[in-house]
Amino acid sequence: KKVVANAAKAKISLTPEAYRLWYTYFAGNNIELIADIKETLDSGKVFTPKVTKTLYEKYFPSKNCTETMDQINQETQTLISSIFSELQQADKTTCDFGDKMHTYTHQIKTAKNVTGVKHTMQEMVQDIAHMISSSRQLQEKLNEATKQTKKLKKQLQQTEQQASIDALTGIANRKAFDEKLNELFQEFKKTGAIFSAIFVDIDFFKKFNDDYGHKVGDLVLKSVAGTLHRGVKGADFPARYGGEEFIVLLPETTLDNARIVAEQLRICVSVKKPSNPETGEVYSRITASFGVSQVARSDSPAGMVDRADKALYLAKKSGRNNVKTELELG
């Protein structure tokens, strides 16, 4: 009831994704999601389909990642159970071997002739050989477990990487961006290491999609993502924010320098015409608008992004295909 009532009030289209998002919000079992939605509500932003999609992708990972994690979890539990079983057996074998050695020592001490000692020694040699064999088998199984552990670790790293990459463009996704932003913000609060953000939005992207179709639109998104990726250096962090919006984090970069980077990126985007790698067809030139902000002492991660967003909006109002910074907001 709450979902439907509030969706009607906020004029939200209740797609399955939107319903799941708001149901989780009102259920109150995801603190981070609740905080994110409250922050969006407090900022006065409208929950457009794009905003809903961005939040959904952030908090509900793809089915493939979930299935892979379940598989890794199951294989890890099986591996741990196997190792534990082998170690228990090895412990029992070791205890039995110790008891036998104690018995053999007593038999040798109390032996009345050489024949008795010889018989005891033969049994002892056989048990020692068995113990060595058991130890080798355990070592081989532990070595195999080590290989399996490394394999699972690699698979987990790949899954983690996939969960942080935007499937279409190949650069970082919104989830990875939020994590990086929080990391830089915490470092700023701790050491004062400044950083800046560049918000990027492709101009007239909807018209481009309408003129050429969504497949060509996807090529444009890939092209812009590639330009951003190639146009930054070192620790700079480009990400797809959602839809046709991108954002770049620039560690240890002032607002003035970030503006220079944004201007360079703007030129790189505007001089390139996207093309179809399969057909060779070249499409209309595209441009993008840029908004720049720098972290401040009284800041929050959301506040910094919001200023970059407002600067971006100003760039669009000013004719698009230009760069504006938070200093021009007035």
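This is a predicted model: local features need pLDDT of at least 70, side-chain atom pairs count only at pLDDT 80 or more; totals for chains, interfaces and linings use all residues.
## Helix α7

Helix α7 runs over residues 174–191. At 1.5 Å a residue, its 18 residues should span 26 Å. The end C-alpha atoms lie 25 Å apart, which agrees.

Both ends have a local feature. N173 caps the N-terminal end, with a side-chain oxygen 3.2 Å from the backbone nitrogen of K175. Just after the helix, G192 takes a positive phi of about 85°.

The buried residues of α7 include R174, F177, L181, L184, F185 and F188.

## Aromatic pairs

The structure holds nine aromatic pairs. In one of them, the ring centres of W22 and F26 are 6.1 Å apart. Their planes meet at 35°, so this pair is tilted. W22 and F26 both sit in helix α2 (residues 16–27), four residues apart, or about one turn of the helix. W22 is buried, at 6% relative accessible area, while F26 is partly exposed, at 28%.

The F177 and Y241 rings have centres 5.7 Å apart and planes at 75°, so the pair is edge-to-face. F177 belongs to α7 and Y241 to strand β2, so the pair ties together parts 64 residues apart in sequence. Both residues are buried.

## Charges over rings

R174 lies over the face of Y241, 4.1 Å from the ring centre. R320 lies over the face of F204, at 4.4 Å from the ring centre.

Technical notes:
Residues are numbered from 1 along each chain as its sequence is written. Side-chain values use heavy atoms; hydrogens and water are left out. Helices (H or I, at least four residues) and strands (E, at least two) are DSSP runs, numbered from the N terminus. The expected span of a helix is 1.5 Å times one less than its number of residues. Buried means under 20% relative accessible area, exposed over 50%, partly exposed in between (1.4 Å probe, protein chains only). A polar contact is a pair of N or O atoms within 3.5 Å; within protein, one must be able to donate a hydrogen and the other to accept it, and residues adjacent in sequence count only if both atoms are side-chain atoms. Rings of Phe, Tyr and Trp (its six-membered ring) pair if their centres lie within 6.5 Å; planes under 30 degrees apart count as stacked, over 60 as edge-to-face and the rest as tilted. A charge sits over a ring if NZ of Lys or CZ of Arg is within 6 Å of the ring centre and within 35 degrees of the ring normal.
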